[in-house]
Amino acid sequence: MNEVKFFKKAYYNYFLSLAEEQARLATCKRAKCGAVIVKNYRVIGEGCNSPAGNSEPVCDVDKRTLHEKVTDKTCCTHAEINAMNNVLSDFNKKVLEGSTIFFSRVDNEGNMIFSGEPYCTGCSKYAFNLGISNWVLRHDNGIYVYGAKEYHDLSRNYNG
């Protein structure tokens, strides 16, 4: 994990603000998350939390009632996965190689929320398999860039 140096903060802040705009479009009732994928200083994919296939939200289901084999107990497709699928629907996997995911979250009023530690193995595995190089998160103590393997390892070992 590397903290972003001063001269790159404007660049990272710009793409994180685009991820926040995506988060404001989320239809999930539990978490308003957004993501943009950037390659060569250009947005190539974007997404927000939403029910799979734009179906009706099931965000009010008590996760404790779900069977133990349901490993991903989230009600919606994650913003990062929707952003990766956005790229794949328009191009092919090669275009994702070497790209960076910028992730943000907002509250119900649209205000930015700082990211916690990486913990989503579903998104980290998918991004890592597709060749995405980095993740960028805004923590309360600064903007951090994680390599894809580092992000996946941190997610896999999360026990917060």
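A residue is buried when its relative accessible area is under 20%, exposed when over 50%, and partly exposed in between (1.4 Å probe, protein chains only). By that rule H78, at 16% relative accessibility, counts as buried. This is a predicted model, in which local features need pLDDT of at least 70, side-chain atom pairs count only at pLDDT 80 or more, and totals for chains, interfaces and linings use all residues. Residues are numbered from 1 along each chain as its sequence is written, and side-chain values use heavy atoms, without hydrogens and water.

**Nonpolar cores**
- A nonpolar core is a set of buried Ala, Val, Leu, Ile, Met, Phe, Trp, Tyr and Cys residues joined through side-chain atoms within 4.5 Å.
- The largest such core has 23 residues, of which I37, M84, L96, I101, I132 and W135 touch the most other members.
- Elements giving two or more residues to this core include β2 (32–39), β4 (100–106) and α4 (121–130).
- α2 gives the most to this core, with four residues.
- A second, separate core of 11 residues includes Y12, V38, F102 and V136.

- Contact means heavy atoms within 4.5 Å.
- Beyond its neighbours within four places in sequence, I101 is in contact with residues including I37, M84, I132 and W135.
- H78 is found in the loop between β3 (42–48) and α2.

**Helix α4**
- Helices (H or I, at least four residues) and strands (E, at least two) are DSSP runs, numbered from the N terminus.
- C123, S124, A127 and L130 are buried in α4.
- These residues lie on the same side of α4, because they cover an arc of only 140 degrees around the axis, taken from the directions from the helix axis to the C-beta atoms.
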